[in-house]
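Reader: Hi! I'm new to reading protein models. Could you walk me through some aromatic residues in this one?

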Amino acid sequence: MMNAGGNPRRYGSGKHGQPTFAELFTPKLVTVFREGYGALQFKADAISGLTVAIVALPLSMAIAIASGVSPDKGLFTAIVGGFIVSALGGSRFQIGGPAGAFIVLVAATVAREGVDGLILATVMAGVFLAAIGYLRLGTYIKFIPYPVTVGFTAGIAVIIFASQISEMFGLTLSGKEPGPLVPKLMALVDAMGTVNIAALAITVLTIGTILMLKRWRPGWPGMLIAVGVASVAVALLDLPVETIGTRFGGIPRGLPWPALPSFGVDKAIAVLPDALAFALLGAIESLLSAVVADGMTGRRHRSNCELVAQGFANIGAALFGGICVTGTIARTATNVRAGAHGPVSGILHSVFLLAFMLVAAPLAAYIPLAALAGVLAVVAWNMIEKQAFATLIRSSWGDALVLMVTFLLVVFRDLTEGIVVGFALGSILFIDRMAKSIAVESDQPLVQEDVADATNGSRHAYEASDAGDADTVIYRISGAFFFGAASTVGAVLDRIADQRKNFILDCSGVPFLDSTAANVLEGAARKARQAGVRFFITGASPQTRRMLINHGVKHPAVSYAASVRDALDLLKPGKTSTLER
């Protein structure tokens, strides 16, 4: 945190200068108000909040329906949960609400334990999330390797898409749609003779409208417009397709009164695995979303404060009959791109959603389910990090193995199982790489002796300019740069554009670098280029360079040099560059 003079604020009230409990869990909303908040900031937050609300309106209903509950529960979740996440959270830009990542888990819980069981599991998950935050365990969530997050996100996307096929084609199944993917696909193939051409046409119209607007009018709310166009087409042409009105009878015009879920020891034990899965996925998804916002803005979130807010948001949403709440990557990114200044934007997004619900609830009855299925199909496609997936497949056999095992387990087995096995494989892979990176030297003393200047082969004549260039900063990384250290190094690299023109990162002491670390450096290089900072990486081994280049850390964002001395020489006036690319 910076003070008014641009220097880091020193925490003096905690033990050994560490931040106090109150400082760590102060919501970002309070921080924003302390910085000074006026009409200009409120205007920016109002515009971004309205933009996000327009995106969240159809999406919240679509996610709720795909999760096996009524559409109003998705809106309750976005309104109540989104408000609490922004009011109490440790991220400046996080937007909370129902997320596509939870569709599989929520639908399975509803099918097995009913809506009452789902609400109880959501409350319990909220308690677990708040406890994780208060115990400051949120930091360890960051240790999940990058291939695991890419793999489970892609797996969830496949399952979401598969769950919407029956709605997109208007199929009539002979029985209840199976949950597992293979039986589901077999049942869908058997029902292909019942395709509803009108429903399929509405799906194509919705997807086509979204894609067309994304290309030609990217600033317009494509999903809402697409759903509106589809609804008008169904109403004017009197098409024989299911709508929210025909299946659910519409949505209420306001929030219900809060109520406690039915509680019993046996019921709590029955939904405990679901609650733990909700908490684990909620923590991962929320912190991943916060990291995305950090990468877009250069700010830093507080993980544990964010998890506490997510916990209270889940409890609050459940009391109003909502479903699981988490940070949503797409809506958070939309919030940032729309020019949000701080958490007030997220609060206003909830207020606007409530206003839409009060005013336009009767119109929701005309929304065709095929249109919402088309929206989720686009969401599922966007969830897959296609470039990252391809990069990890090419980067190394170890990362490819972790990625594919996580992906396949999520798709064909279980989401939690995929994360746990993927993390275990990533840990084993790291241990193996570390073992191979250690070199044993003979006659090596326990304590290093002094070395004479004449025998120090790396020594060069001292130049005062080496220490006098205020525009250049040099960082050195020593030791293995892997997923466990990525968040710490990332926090340091975020400051590279702070009144500097040149940044040199010496990696000569890095014996090993994994895909998570490479992804952190790619983000740092991208931000440095945007800020006009020249970024050099020196001393990287061939293996490290290959990993970095595969992840996009290459010219023109980054230049490579053999040593720090070579990079400094190239920065001197009049020097011509023959940098390695």
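Reader: Is Phe407 buried or exposed?
Author: Phe407 is buried, with a relative accessible area of 17%. One thing to keep in mind is that this is a predicted model.

Reader: And which group does Phe389 fall into, buried or exposed?
Author: Phe389 counts as buried, at 18% relative accessibility. The cut-off for buried is under 20%.

Reader: Ok, switching to ring pairs. How many aromatic pairs does the structure hold?
Author: There are 8 aromatic pairs in the structure. One of them is Phe21 with Phe25: the ring centres are 4.6 Å apart and the planes are at 40°, so this pair is tilted.

Reader: What about the rings of Phe389 and Phe407?
Author: Their planes are at 80° and their centres 5.7 Å apart, so that pair is edge-to-face. Phe389 lies in helix α18 and Phe407 in helix α19, so the pair ties together parts that are 18 residues apart in sequence.

Reader: Back to Phe21, which residues do ring pairs link it with in a cluster?
Author: The cluster links Phe21 with Phe25 and Tyr134. Phe25 is buried at 13% relative accessible area, while Phe21 is partly exposed at 45%.

Reader: Nice! Which residues make the nonpolar surface patch?
Author: Phe21, Leu88, Tyr134 and Phe312 make that patch, which covers about 360 Å². Phe312 sits in helix α14 and is partly exposed, at 36%.

Reader: Last one: what lies over the face of Trp381?
Author: That's Lys386, at 4.3 Å from the ring centre. Elsewhere, the charged end of Arg545 sits over the ring of Tyr560, 4.6 Å from its centre.

Technical notes. Residues are numbered from 1 along each chain as its sequence is written. This is a predicted model: local features need pLDDT of at least 70, side-chain atom pairs count only at pLDDT 80 or more; totals for chains, interfaces and linings use all residues. Side-chain values use heavy atoms; hydrogens and water are left out. Patches are made of residues with over 30% relative accessible area and no salt bridge: like charges are joined within 9 Å, nonpolar side chains (Val, Leu, Ile, Met, Phe, Trp, Tyr) within 5 Å. Accessible areas come from the Shrake-Rupley method with a 1.4 Å probe; for residues, only the protein chains shown count as cover. A salt bridge is a side-chain nitrogen of Lys or Arg within 4 Å of a carboxyl oxygen of Asp or Glu. Helices (H or I, at least four residues) and strands (E, at least two) are DSSP runs, numbered from the N terminus. Buried means under 20% relative accessible area, exposed over 50%, partly exposed in between (1.4 Å probe, protein chains only). Rings of Phe, Tyr and Trp (its six-membered ring) pair if their centres lie within 6.5 Å; planes under 30 degrees apart count as stacked, over 60 as edge-to-face and the rest as tilted. A charge sits over a ring if NZ of Lys or CZ of Arg is within 6 Å of the ring centre and within 35 degrees of the ring normal.
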